[in-house]
Amino acid sequence: MSIQEIVLRQRTEILHALCSSGSAEHLERVLDILLSQGGLTFEDCQNIQVPGRALYTNARQLLDLVYIKGADTCALFYAAVQQVLPEAGFSFSECGSNPEEKKEEYQSTCTQRLLTQRPSLVSKLQGCIEDALKALVISGHFTSADCDEVRLPIHTPSQQARCLLNHVRSKGESAAKVVLQYSQEKQESGSPLNQDNWTPPKEVLKYQKKLSSSVSAQSCFLSTYGGTSHMSLDDIYTEGQLELANNCDNVHGPLGLKDIVGTAGTVNEEADTVLVSGDAGGGKSTLLQRLHLLWARGTALQDFLLLFPFSCRKLNSEQQELSVQELLFQHCCWPDREQEEIFQFILDHPQLILFTFDGLDELKQDFSDEHRLCCPTQRAPVHILLFNLIQGSLMKGVRKVVTSRPEAVSPVLKKNLRKEVLLQGFTPSGIECFVRKHHCDPTVAANVLESLRTNTALLGLCHSPVLCWIVSQCHKELLGCGEGSPQTITDVFLMILQHFFQHQSSQSTMGSGWLHEHLNTVLHLGQLAFEGIETSCYIFSGTALETCGVTDTDICMGFLIQSRDLSSTLSRHFEFLHVIMQCFFAALYIVLSKNTDRSTIPKLFETQNMTGLRSSTCFRVCLPSTEQQELALKGEATSVKTSNLQITATFVSGLLSQRHRSLWLHCCPSAVMEKRVKQVVKCLSKGMQKHFKSIPQPVEGEKQSMHAMPGFVWLIKCIYEMQESRIAKDAMSKLEVDHLKLTYCNIGPVECTALAYVLQHLKNPVGLQLDNNSVGDVGVEQLLPCMPICNSLYLRNNNITDEGIRKLLAKGIQCDSFRKIALFNNKLTDACTQHFSHLLETKQNFLSLRLGNNNITEEGAKQLAEGLKYNHSLKLWGNKIGDAGAEALASALENSTSLVWLSLVGNGVGSAGACALANIIKNSTSLEELWLTENCITSTGVECLMQALEHNPRMKSVWLRNNDLSLEEVEELTQRESRLIF
């Protein structure tokens with residue numbers, strides 16, 4: 001096969017390799033090499049890199065051009081792609097052309113040397129663009145206009161280097177000589193071009209000292225929900241579970257704080273922004289605070305000379321238009337002197353600077369890339385500055401770390417990310433660590449942990465750090481509640497409410513009358529929270545407090561903390577301990593206030609039009625007439641506001657539960673409460689019906705399936721909060737599907753508890769698909785009550801370990817309907833295979849076991865072998881069973897009459913294993929497909945498989961792509977046996 005035919009045949013794979021990262025860097029590096037080797041001219045490159053044209057279109061133009069230019073250019077192109085993307089796995093051994101042979105033709109002049117050395121010069125110059133420009137200006141070859149064009153902030157450092165080389169080429173031989181001489185002198189002096197031994201100016205070092213001192217002072221005490229108790233961050237900080245949003249083959253083991261700004265999991269090398277996403281209360285702010293403190297102490301992030309921390313909640317209060325310089329110095333740390341010099345240093349050395357933005361979801365505006373801004377000295381509204389910083393139009397090269405809730409992360413934002421890291425809350429060991437840190441008395445800590453172990457629902461809630469803090473804070477109430485232990489999020493927040501009131505009041509009413517005693521405080525704070533949720537306001541002025549009747553006594557209860565950065569001696573600003581606390585008080589107001597309009601609850605539960613709440617009478621009556629007019633003119637609503645309204649609705653459901661109605665006896669007329677309960681029940685029923693009506697009719701011969709959306713999960717959580725089985729039973733009575741799909745729905749342990757509570761009321765067994773969520777071991781335990789109605793369970797990519805599987809299978813063995821399980825890409829090892837083997841031996845009607853991409857070796861395969869004799873389908877893709885494991889499986893399955901499908905893709909199986917597996921093909925009366933792609937099987941192993949196929953006409957296919965076979969061998973074997981798929 002000629003090189004041109006190979007280019008044509010692998011066109012799709014090459015396009016994907018060059019463009020899938022979203023960055024043009026791979027394409028530009030290939031062009032650099034082709035220019036240096038004479039494969040392309042500058043005119044060719046200009047025709048390929050058309051400004052504003054899609055990256056894939058440019059890449060296709062390149063492929064078309066090299067194909068037209070002939071075999072020699074195709075060979076150069078292949079070598080270039082191999083050099084730029086060695087991990088892509090293309091095989092170029094057949095190309096027969098060495099690109100190095102052409103280098104000698106282009107060495108006579110400096111301009112030609114500039115061309116032949118272009119790839120290495122781009123790499124060297126991007127770390128010292130300013131010094132190279134300085135040398136060119138001093139020599140008289142560059143003007144200030146030339147320098148400005150190279151420095152354009154929309155360029156990446158490598159693009160700046162290419163722009164410089166292009167300008168130098170147009171200036172002639174003498175300019176080229178200056179650049180080459182500059183590069184040579186740097187190397188000969190032993191000073192690398194990345195300036196590792198360089199020392200920053202004194203004024204910058206002085207500013208760094210002041211900045212780090214300021215950051216340390218702001219970070220040493222827990223600033224979120226523990227803000228009133230002065231908890232040392234060192235004493236209480238517990239690491240949450242960090243995962244990459246995009247699976248990365250070269251990342252093994254858990255992620256640490258250093259990995260957030262490290263290279264692990266990078267999907268777009270040209271982007272600057274790292275997103276840390278997680279649910280409200282998941283510990284994002286505390287994690288960022290920990291990073292700040294470690295940087296200030298010099299124990300982490302030492303690649304960054306200056307770190308600028310920002311709170312998006314506080315940026316909401318900035319009314320003036322600012323430049324980047326004003327944003328940095330006014331909102332972080334003001335330089336004592338030489339502000340211009342320090343800011344110029346920041347512009348000149350972006351790779352040494354780190355910005356952090358906490359709570360992007362709390363901005364009043366959704367992320368947008370419509371308003372582009374490139375000049376760092378130009379003033380603009382703060383949210384415009386922030387959006388341009390994140391997407392790289394401003395301060396390109398400066399690393400940014402942003403935290404946000406997942407629902408606020410739009411596709412527009414995602415395309416500007418270097419990578420996304422998911423903060424998944426506490427693991428079981430993290431919960432234990434946090435509780436022990438929170439209690440100095442080991443006995444108290446042990447009692448709290450024992451209480452959690454006996455209440456799996458509460459243990460699931462403690463997966464969220466903010467709920468774990470509440471449970472730890474209220475340990476006396478928790479240990480004294482006996483059978484009435486908290487089951488729901490509403491229970492936990494009522495517990496903290498009672499805890500605060502009883503600890504702040506000298507005389508507290510016992511029993512259920514405690515709420516009535518503090519009703520005025522609840523209503524004052526509730527109205528404040530209620531208005532804030534609707535207007536995306538999380539920081540409140542003294543005037544706002546006064547409008548809602550909030551008194552100093554109310555403030556002293558501890559639910560509000562002073563916002564220090566925005567407060568002064570003349571004006572104080574406050575915020576709730578946590579945004580979830582604000583949602584809870586808003587829910588209390590909706591349930592207890594006499595001013596609540598009858599349309600408020602229906603509006604709150606309108607999942608398709610949550611922003612319609614803005615027009616609700618009850619929201620408008622809480623605001624002055626001038627603000628009512630302003631709101632009427634504004635139609636914007638951010639995704640996080642919808643999320644906060646949903647959290648509020650969840651609390652409303654829980655507060656109106658039958659279990660809590662004794663609390664409201666003296667707070668609100670019974671008739672009013674009954675009406676509100678009926679409203680919530682009606683809204684939940686109506687919301688579920690909308691989802692059921694969206695279920696499409698199945699294709700003939702296929703099962704009835706429902707692909708649920710996150711809004712469905714939210715309704716399930718609301719039903720769970722009410723804790724009334726009749727409501728759950730009524731909701732599920734109308735759901736008639738064979739398969740319920742809940743993939744990518746951000747389901748963690750809390751959601752698993754709610755799902756199990758509701759789904760156990762289904763009339764008929766279903767397949768439950770929870771792939772690509774955050775179930776974990778704690779979530780698996782919460783799912784156990786609904787196992788009897790699951791005929792199949794799909795838990796791919798859910799961070800589940802052997803311990804979680806042990807509990808799941810122990811329950812699964814007892815469930816008659818349970819016959820399929822898929823656990824691709826979890827954290828399973830050989831230790832779990834004994835439980836699977838026991839399951840398969842016990843349930844001989846079990847149909848399908850899928851354990852792909854875990855850490856199962858030949859020992860695990862041997863353990864599975866005996867139990868697999870009656871299995872219909874086994875998938876062990878991406879494990880490490882090797883030949884020994886394949887031989888053990890083959891021995892057990894050789895005479896199987898039930899196995900239909902077997903996948904051992906990517907398991908290190910060689911020809912010995914293939915020959916053993918051939919016996920299954922030869923003797924099995926049921927096997928139809930065998931997948932052996934991405935192993936190391938040679939032609940010897942394939943010959944064994946072909947001989948076996950001769951004895952089995954029922955066998956449909958054997959997949960053998962990407963094994964140790966040459967192109968000639970593949971062609972020959974394909975012609976001999978059509979059932980071999982290469």
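These are my notebook entries on what I looked up in this predicted model.

**Ground rules**

I number residues from 1 along each chain as its sequence is written, and I keep in mind that this is a predicted model, in which local features need pLDDT of at least 70, side-chain atom pairs count only at pLDDT 80 or more, and totals for chains, interfaces and linings use all residues. For side-chain values I use heavy atoms, with hydrogens and water left out.

**Overall make-up**

I looked up the secondary structure and found 47 helices and 20 strands; helices (H or I, at least four residues) and strands (E, at least two) are DSSP runs, numbered from the N terminus. Of the 982 residues in the protein, 55% are buried, where buried means under 20% relative accessible area, exposed over 50%, and partly exposed in between, with a 1.4 Å probe and protein chains only. The accessible surface comes to about 41,800 Å², and carbon and sulfur atoms hold 48% of this area; accessible areas come from the Shrake-Rupley method with a 1.4 Å probe, and for residues only the protein chains shown count as cover. I also checked contacts (heavy atoms within 4.5 Å), and among those with a separation of 6 or more, 75% join residues 24 or more positions apart.

**Nonpolar cores and a surface patch**

Which residues touch the most other members of the largest nonpolar core? They are Phe308, Leu742 and Phe836, in a core of 258 residues; a nonpolar core is a set of buried Ala, Val, Leu, Ile, Met, Phe, Trp, Tyr and Cys residues joined through side-chain atoms within 4.5 Å. Helix α31 (residues 579–592) gives the most to this core, namely 13 residues. Another core lies apart from it and has 31 residues, including Ala17, Leu35, Leu40 and Leu62. I then followed Phe308 by itself and, not counting residues up to four places away in sequence, found that Phe308 touches residues including Tyr207, Leu211, Leu328 and Cys332.

Leu8 lies in helix α1 (residues 3–9).

**Cysteines**

I searched the whole structure for disulfides (pairs of cysteine sulfur atoms within 2.5 Å) and found zero. Cys537 is in no disulfide, and the nearest cysteine sulfur, that of Cys548, is 9.9 Å away. Cys537 counts as buried because its relative accessibility is 19%, and Cys583 counts as buried because its relative accessibility is 0%.

**Salt bridges**

Side chains of opposite charge can pair when their charged atoms come close. A salt bridge is a side-chain nitrogen of Lys or Arg within 4 Å of a carboxyl oxygen of Asp or Glu, and by this rule I count 39 of them.

- Lys171 and Asp146 meet in a salt bridge at 3.0 Å, N to O; Lys171 is in helix α11 (residues 157–171) and Asp146 in helix α10 (residues 144–150), so the pair ties together parts that are 25 residues apart in sequence.
- Asp336 pairs with Lys210, their closest N and O atoms being 2.7 Å apart, and this links distant parts of the chain, 126 residues apart. Asp336 is exposed at 59% relative accessible area, whereas Lys210 is partly exposed at 32%.
- Glu724 pairs with Arg726 at 3.2 Å between the closest N and O atoms; Glu724 counts as buried at 10%, whereas Arg726 is exposed at 52%.
- Glu25, Glu28, Asp32, Arg118 and Arg162 are linked in a network of salt bridges.

**Loops**

Most residues other than glycine have a negative phi. Gln723, in the loop between α37 (710–722) and α38 (725–733), has a positive phi of about 55° although it is not a glycine. Asn797, in the loop between β13 (790–794) and α41 (802–812), has a positive phi near 55°.

Lys827, my last entry, is found in the loop between β14 (820–822) and α42 (833–842) and is partly exposed, with a relative accessible area of 40%. Lys827 and Asp802 are 25 residues apart in sequence and 7.3 Å apart in space, C-alpha to C-alpha.
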